[in-house]
Amino acid sequence: QVQLVESGGGLVQAGGSLRLSCAASISIFTIYTMNWYRQAPGKQRELVAGITKSRSTNYADSVKGRFTISRDNAKNTVYLQMNSLKPEDTAVYYCNAYRLGPSREFDYWGQGTQVTVSS
């Protein structure tokens, strides 16, 4: 059973920072692409940032220059450093682990952590 456990969410004022962590139980963590998604009330879930096994990264336009995704393969953990937070960053943030196998996809999700940015 694969588990992804997020932590680090909370309430912060606009302009502040938070660092989210996602600890994975995947024994072969290193070959997964790790992603952070978010879902605000009444909106669809959207990809915020991703990091591949070779550490290539991609970001949503709305967070470029403010958020940084990183991974520590020794700790099976992925991070999302969020700076210059805005009220529109308020959402539940989900960790996702993904890889495409020879015959199927492997796609796992955490339970989510709430981030609330006050104006």
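In this predicted model, strands β9 and β10 form a hairpin, with four residues lying between them. The two strands run antiparallel and are joined by five bridges; within this pairing, Asn96 stands opposite Trp109 in β10.

Strand β9 also pairs with two further strands. Seven bridges connect β4 (residues 33-39) to β9 in an antiparallel arrangement, and here Gln39 faces Val92 of β9. Strand β11 (residues 113-118) is likewise antiparallel to β9, with three bridges between them, and Tyr93 stands opposite Thr113 in β11. The pairings are collected below.

| Partner of β9 | Residues of partner | Bridges | Orientation |
|---|---|---|---|
| β4 | 33-39 | seven | antiparallel |
| β10 | 105-109 | five | antiparallel |
| β11 | 113-118 | three | antiparallel |

Strand β9 comprises residues 91-100; seven of its 10 residues are buried, so the strand is largely enclosed by the rest of the structure.

When residues up to four places away in sequence are left out, Phe67 touches Arg38, Val48, Tyr59, Leu80, Gln81, Met82, Asn83, Leu85, Asp89 and Tyr93. The C-alpha atoms of Phe67 and Ser84 are separated by 8.5 Å, the two residues being 17 residues apart along the chain.

Conventions: Residues are numbered from 1 along each chain as its sequence is written. This is a predicted model: local features need pLDDT of at least 70, side-chain atom pairs count only at pLDDT 80 or more; totals for chains, interfaces and linings use all residues. Side-chain values use heavy atoms; hydrogens and water are left out. Buried means under 20% relative accessible area, exposed over 50%, partly exposed in between (1.4 Å probe, protein chains only). Two strands pair if DSSP finds at least two bridges between them. Contact means heavy atoms within 4.5 Å.
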